[in-house]
Amino acid sequence: MMRKLMMFAIGMLIAGNAMALENEPKQGFTGMAFLGLNATHIKHTFYDGKPGGTMGFRLDYVLPKAHGTYITAGVDWTMKGGKYSTIEPDPNSDPLAPTYCDGTVKAKLHYAEIPIRIGFRYNINKEIGVYGELGPYFAVGLGGKHKLNMDADGAQWDAVEDAQKWKAFKKSETPLHDNFQRWDAGFGFRVGAEYNQHYNLMLGCDWGITDMWRDKYRDAMFAYNAPLAKAKNFNFTLAFGYRF
């Protein structure tokens, strides 16, 4: 009985290897456009996570005689950042006995990213393939906003919100408004499944390795007796792509 089971297992392995060779990815270039959602977070800060969006284009090259190994690079637009809740004194209340209102501070950061990765693809059959890849990314901040939204109305509140609203990455004479630097880099990975050599479902993560705070902002916070840990981007992505 054991001998029969062993022969059956060996036969299955031989058949699986033959099928893998038969369905091995073809050498050459393919392109993919994708659109997805982010769950992003600025690690080691007071910011909580927030949702965002992403889209981009990738160019893959399956290496010759490498059994599914490929190199990929592309250009992505992605939203990162974070948010946190705050409590501010009502400027219309009695200064000696102020009342407070809730608010939310949001940092919406828009990046252009260039990922460069090496991956491996395995075609289960002619219709379904799976793959995984990892490597570095390099990014530059395109813009965005850092903004306070209070759960209250009135001219006084408008003044408070205007004072705590500025463009992300733009240098400012006010140190507290000069917080995020423009350049970022890190490492990431992506896994995916493809149907009919066109339709893709992908999951990915990126870990930033650069400190996002500008030196001017870090020095200002240190002067307020609030030293800062290094802030780093973290991003989880779910995306749908089309290969052509």
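**Exercise 1. The second largest pocket**

The second largest pocket holds about 170 Å³ of space. Find which residues lie nearest its centre, and which elements line it.

*Solution.* Start with the ground rules. This model is predicted: local features need pLDDT of at least 70, side-chain atom pairs count only at pLDDT 80 or more, and totals for chains, interfaces and linings use all residues. Residues are numbered from 1 along each chain as its sequence is written, and side-chain values use heavy atoms, with hydrogens and water left out.

Step 1: On a 1 Å grid over the protein atoms alone, a pocket is an open set of points with protein on both sides within 12 Å along at least five of seven lines; a cavity is a set where a 1.4 Å probe fits but cannot get out; lining residues have an atom within 4 Å of a point. Points are joined across faces, edges and corners, and the volume is the space filled by probe spheres set on them.

Step 2: list the residues. The lining has 14 residues, and Tyr84, His146, Gln164, Trp166 and Leu176 lie nearest the centre.

Step 3: Helices (H or I, at least four residues) and strands (E, at least two) are DSSP runs, numbered from the N terminus. E5 and H3 each give two or more residues to this lining. E5 has the largest share, with 3 residues.

Step 4: sort by class. Ala, Val, Leu, Ile, Met, Phe, Trp, Tyr, Cys and Pro are nonpolar; Asp, Glu, Lys and Arg are charged; the others, Gly among them, are polar. The lining of the second largest pocket has 9 nonpolar, 4 polar and 1 charged residues.

**Exercise 2. The largest pocket**

How much space lies in the largest pocket, and which residues lie nearest its centre?

*Solution.* Step 1: the volume of the largest pocket is about 530 Å³.

Step 1: 25 residues line this pocket; Pro25, Lys26, Arg121, Asn123 and Gln197 lie nearest its centre.

Step 2: strand E1 (28–43), E2, E4 and E5 each give two or more residues. The classes come to 7 nonpolar, 9 polar and 9 charged.

Step 3: look again at Gln197. This residue sits in the loop between E7 and E8. Its phi is positive, about 60°, although Gln197 is not a glycine. Buried means under 20% relative accessible area, exposed over 50%, and partly exposed in between (1.4 Å probe, protein chains only). Gln197 has 53% relative accessibility, so it counts as exposed.

**Exercise 3. The cavity and Arg190**

How many cavities of 30 Å³ or more does a search of the whole structure find? Then trace the contacts of Arg190.

*Solution.* Step 1: the search finds 1 such cavity. Closest to the centre of the largest cavity are Arg58, Asp76, Arg117, Asp206 and Thr237, out of 19 lining residues. The largest cavity has a volume of about 210 Å³.

Step 1: E8 supplies 5 residues of this lining, the largest share. Strand E2 (50–62), strand E3 (69–89), strand E4 (100–123), E7 and strand E9 (232–243) are among those that supply at least two. By class there are 8 nonpolar, 5 polar and 6 charged lining residues.

Step 2: turn to Arg190, in strand E7 (residues 183–195). Arg190 has a relative accessible area of 6%, so it is buried.

Step 3: contact means heavy atoms within 4.5 Å. Leaving out residues up to four places away in sequence, Arg190 touches several residues, including Arg58, Arg117, Tyr131, Glu133 and Met202.

**Exercise 4. The nonpolar core**

Which residues have the most contacts inside the largest nonpolar core?

*Solution.* Step 1: a nonpolar core is a set of buried Ala, Val, Leu, Ile, Met, Phe, Trp, Tyr and Cys residues joined through side-chain atoms within 4.5 Å. In soluble globular proteins, nonpolar side chains tend to be buried together.

Step 1: the largest core has 16 residues, with the most contacts at Ile42, Leu109, Phe180, Met212 and Trp213. E4, strand E5 (128–150) and helix H3 (215–223) each supply at least two residues. E4 gives the most, 3 residues.

Step 2: apart from this core lies another, of 7 residues, among them Val62, Tyr70, Tyr131 and Met202.

Step 3: follow Leu109. Beyond residues up to four places away in sequence, Leu109 touches Ile42, Phe169, Phe180 and Met212, among others. Phe169 lies in the loop between strand E6 (165–167) and E7. Phe169 is not a glycine, yet its phi is positive, near 75°. Is Phe169 buried or exposed? Phe169 has 3% relative accessibility, so it counts as buried.
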